[in-house]
Amino acid sequence: MRVLLVEDDQTVRNFVAKGLAEAGHLVEQAEDGKNGLSLAASEKFDVIILDRMLPGGVEGLHILQTLRNQNNTTPVLLLSALADVDEKVAGLKAGGDDYVTKPFSFSELQARLEALVRRNRNEAQPQTRLTIGDLEIDLLSRNVRRAGQKIDLQPREFRLLEFLMRHAGQVVTRTMLLEGVWDYHFDPQTNVIDVHISRLRQKIDKPFQRALVHTIRNAGYMLQE
């Protein structure tokens, strides 16, 4: 991991930096808010350890809010002596991903950092497979299978199924389908949706015991087990 450590307490900063370096991580340090914000905004880090109370006229929450306003999504672990629940809530609401109070165990701090980085990397990976029940579509190969059986879909049918699966468990209206699948921003007053839903059902529902595509009266459709 490449870690930015923004901490004004030299003892704490040295302790954390030494432990992370011994674990094989690269650590960049800043001892005040101004330098911390400059580094965080200009360089790429896997995770940021950010103290709440910092000298230099720029405190931790200001740094955090500035980064989030700049669409910087680097995970931030807030490290603070402010242990009150309201302070923790304020830090998390400002965009913090985790909050550790002083004094702390280094092993717990390291574990939390690694968990944040893993989660962030997993979220950054594009989703290539959608699954609901025994129905699965591969977005790269464009293959569709249910209960292990391959199902051939036309391009528009595939787009329709993908849209329904991305909104599984939600009511999908005609307007949502027209805009999301057909790129229409108005209702052309045709039965195009009904026709394609019917064709989709023939392929992914009819040969199997349980229907997945449900009509929600006066509302739209829902894909649900």
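Biologist: Is strand 4 (residues 76-80) mostly covered or mostly open, and how many of its residues are buried?

Modeller: Happy to start there, with the caveat that this is a predicted model in which local features need pLDDT of at least 70, side-chain atom pairs count only at pLDDT 80 or more, and totals for chains, interfaces and linings use all residues. Residues are numbered from 1 along each chain as its sequence is written, and side-chain values use heavy atoms, leaving out hydrogens and water. Strands are DSSP runs of E with at least two residues, helices are runs of H or I with at least four, both numbered from the N terminus, and buried means under 20% relative accessible area (1.4 Å probe, protein chains only). Strand 4 is mostly covered, and the number buried is 5 of 5.

Biologist: Which residues of strand 4 point the other way from Val76, Leu78 and Ser80?

Modeller: In a regular strand, side chains alternate between the two faces of the sheet. Val76, Leu78 and Ser80 point one way, and the buried residues pointing the other way are Leu77 and Leu79.

Biologist: Nice! What is the bridge partner of aspartate 51 in strand 4?

Modeller: Strand 3 (residues 47-51) pairs with strand 4 in the parallel sense over 4 bridges; pairing requires at least two DSSP bridges. The strand 4 partner of aspartate 51 is leucine 79.

Biologist: And which residue in strand 5 stands opposite leucine 78?

Modeller: Strand 4 and strand 5 (residues 98-101) run parallel, joined by 4 bridges. Opposite leucine 78 stands tyrosine 99.

Methods. Buried means under 20% relative accessible area, exposed over 50%, partly exposed in between (1.4 Å probe, protein chains only).
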